[in-house]
Amino acid sequence: MSEGSHSVVIPGKTRKITDLSNARILVTNDDGIQAPGLKVLEAIAKSLSDDVWVVAPEIEQSAMSHALTLRRPLQIKACGEKRFAIDGTPTDCVVLSSGILMKDHLPDLVLSGVNWGSNMGDDVTYSGTVAAAMEATLLGIPAIAFSLSVLEGQDPLWKTAETHASSIVQRLVGHGWPEQCLFNVNFPALPPENVLGIRAVKMGHFQGAINVESTQDPKQRPYYWIGDFEQKAAMEEGTDIAVLEEGFISVTPIKMNLTDLAELKRLNHIF
Ligand code: MN
């Protein structure tokens with residue numbers, strides 16, 4: 001790779017995608033290059049196009065959200081044809097894919113996942129899987145995040161994603177891509193034949209608790225370990241959380257602009 005400065009262009013508009021069979025698809029994730037869900041998504045992408053690139057974090061980056069590595073250098077490691085690992089975050093992977101690896105021919109579509117575990121409701125704000133799709137969206141590239149709900153103590157039912165993902169991609173591409181918006185897809189923890197259907201729904205909100213374990217290291221110094229979320233329940237019907245519980249696949253459009261427009265209107269009365 002040539003030395004010097006490479007800029008990643010942030011365009012004003014989202015690139016158009018119409019023909020999937022000729023599309024360059026970038027597959028990434030936050031579970032890392034070795035993750036089984038990445039292989040699943042790679043196979044899904046390859047069923048749609050011949051030009052599939054995989055660029056993923058070298059080690060797991062779950063819950064890293066939209067982190068960008070600014071204080072240390074990054075390395076790109078080739079691990080096969082059109083296959084690279086980066087010692088950074090999912091966002092770093094998308095940035096270096098666009099700015100270095102694919103700078104002469106940008107991806108037409110970014111697929112992120114398939115994450116081990118769902119990314120619904122408030123989890124979207126922690127998710128590295130969704131953040132990779134966010135970064136692509138900022139760079140004007142249509143993007144979809146995929147996550148598979150996994151029940152505690154059970155193996156992930158990857159077959160459910162394998163069975164349903166490609167038709168979801170095809171339908172979203174056929175529908176026409178919105179500006180500054182990504183799609184967040186969650187598969188329920190059910191075998192493919194038991195899935196009740198696909199629902200377009202809004203992001204939900206959880207009720208529950210975050211567990212923090214406190215214990216001592218060998219020198220009796222206390223340390224804390226943020227663990228899993230306790231039993232999460234949907235607070236509202238018709239959300240990603242609620243329909244997944246019912247046995248549907250959820251598809252949620254996520255806007256990059258976080259402004260609360262209703263509150264902005266109210267605020268205009270006092271400022
Ligand atoms: Mn993850």
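Contact here means heavy atoms within 4.5 Å. The views below show a predicted model.

**View 1. Protein donors around the manganese ion.** Four residues supply the donor atoms: D30 (OD), D31 (OD), S62 (OG) and N115 (OD1). These atoms lie 2.1 to 2.2 Å from the metal. Along the sequence, the donor residues follow the spacing D-D-x30-S-x52-N.

**View 2. S62 and N115 at the manganese ion.** This pair links distant parts of the chain, 53 residues apart. S62 sits in the loop between β2 (51–57) and β3 (76–80). N115 belongs to strand β5 (residues 109–116). S62 counts as partly exposed because its relative accessibility is 30%. N115 is buried, at a relative accessible area of 6%.

**View 3. The largest nonpolar core.** The core holds 36 residues. L20, I25, L111, I144, F146, V169 and F187 touch the most other members. Elements giving two or more residues include the helices α1 (36–48) and α4 (158–175). Strands on that list are β1 (24–28), β2, β5, β6 (143–148), β7 (181–187) and β11 (248–255). α4 makes the biggest contribution, with seven residues.

**View 4. Contacts of V169.** Leaving aside residues up to four places away in sequence, V169 touches L20, L48, L109, L111, I144 and F146. V169 is also among the residues that touch the most other members of the largest nonpolar core.

**View 5. A second, separate core.** This core has 25 residues. Among them are F84, L101, A136 and A145.

Key
Residues numbered from 1 in each chain as written. Predicted model: local features only at pLDDT ≥ 70, side-chain atom pairs only at ≥ 80, totals over all residues. Heavy atoms only, no water. Donors = N, O, S within 2.8 Å, 3.2 Å for Na, K, Ca; no water. Helix = DSSP H or I, 4+ residues; strand = E, 2+ residues; numbered from the N terminus. Buried < 20%, exposed > 50% of the residue type's maximum accessible area, 1.4 Å probe, protein only. Core = buried A, V, L, I, M, F, W, Y, C linked by side-chain atoms within 4.5 Å.
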